[in-house]
Amino acid sequence: MTEQISPEHIEFLLPFYLNGTLSDDEKEAVEEALEQSVALREELAFLQQIQSDVKSYEPAQASPGELGLKRLQRQINSQANTAGNTTKWRFVAIAATCLLVLQTTLIGLSPSTELYLPAGGKPTTIAVNKTMFRVAFDPMATEASIRSLLLDLDAQIIEGPSAIGLYVVSTEQTEEDALNSLQSHTIVESVQIIK
Amino acid sequence: MEDVQVLSMIAGGDQQALAEFYNRYESRLYRFIKSKLPDYFEAADIINEVFLEVWHKAASFQQRSKVSTWLFSIAYFKTVDHLRKTRPDNLSAEQLESIEDDAPAALSGLIQQQTADQVHHCIETLKPDHQSVMQLTFFEELSYKEIAEIMQCPENTVKTRMFHAKQAMKKCLHRLLGGV
């Protein structure tokens, strides 16, 4: 077996003889050749020096170390969160799609107009008689205080807020009563009758 | 704990195992990647990509090779891929094999006079693939079979690259020592 390795090839095997990874046959062939050749022994000595210097060689900058590990962990956790969110939103999207399909199907049944009744009953002329105001609330007013005022007036917000914070409020109270109530309330900054 | 066991824990989503694996190999990988890619930030990015791939693909490790060989082959592939994208002119593997063997014959003078600093300087001037082979041979102490697997090339190419790396080192040291 050892005869199969050519003398020229021995020099190519020297680095791997040095690092101890050759097969037994290769190792034996290299050792035989080393015994017979001074030049080969010099090559080996040179490689030994290189090996020792390679082992002692430290790159100028240290490796990323702990910082690199933290970066890796952040990335893995963020990927996991993204994957979780994607799954959650996938379910939301599926639910929304199902709802849309259901709605479209119901509309597609083309029911007679009698089926379309407002939830509050048949339309009446009451809405026409409602009084409407444009109201500006105190910016510090809470949702609870606005809700309380609207309930007192039996009023509803039907539009707003606008870009500058104005609401359109409608009520069934008379124009005068509603105006007095709104103006007397501390959370109302301004009131303007629309109709 | 054996590398294979750690890898199997990583495959099960154990981040602690990944940290353990990272601590085992990070500096060795950095040294290897730096031998091809001198820029610190680029090397750090490649390390990050390598361990992310370990995290995602640990389950696909089939034990046909050592864990370290598998890991270094991921690092090698990612580094080469990065070089291909950023420095295509710098990556002609075949060109590396055609270096003229005009290294000086007299070794005794070189062995006696060379200093570690000079050797380190010469290592840094080697072509990337020569540096990689030298790192894997002398620092990682891998066999030419394992190196061929990592670098995805024939075993004879590994031996040839190592031979040319040695010749280039001789030439560089000869020049530094003023033509001993």
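Modeller: Before the sheet comes up: two strands pair if DSSP finds at least two bridges between them. Helices (H or I, at least four residues) and strands (E, at least two) are DSSP runs, numbered from the N terminus.

Biologist: Fine. What is the strand order in the open sheet of chain A?

Modeller: The order is 2-3-1-4, four strands with antiparallel pairing. This is a predicted model: local features need pLDDT of at least 70 and side-chain atom pairs count only at pLDDT 80 or more, while totals for chains, interfaces and linings use all residues. Residues are numbered from 1 along each chain as its sequence is written, and chains are lettered from A and ligands numbered from 1 in the order in which they are written.

Biologist: Which strands stand at the edges?

Modeller: Strand 2 (155-159) and strand 4 (188-193) of chain A; each has a single partner strand, so one side of each is left without a neighbour in the sheet.

Biologist: How many bridges join strand 1 to strand 4 of chain A?

Modeller: Five, between antiparallel strands, with strand 1 covering residues 131-137. A:Arg134 has A:Gln192 in strand 4 as its bridge partner.

Biologist: Which helix packs on the sheet?

Modeller: Helix 7 (residues 175-184) of chain A, which touches strand 1, strand 3 (166-171) and strand 4 of chain A. Contact here is C-beta atoms, placed from the backbone, within 7 Å.

Biologist: Other topic. How many residues does each chain put into the contact between A and B?

Modeller: Chain A gives 32 residues and chain B 38. On the chain A side, helix 3 (38-56) gives the most, with twelve residues.

Key:
Two residues are in contact if their C-beta atoms, placed from the backbone, lie within 7 Å. Axes are lines fitted to C-alpha atoms, for helices over the stretch in contact, and angles run from 0 to 180 degrees between N-to-C directions.
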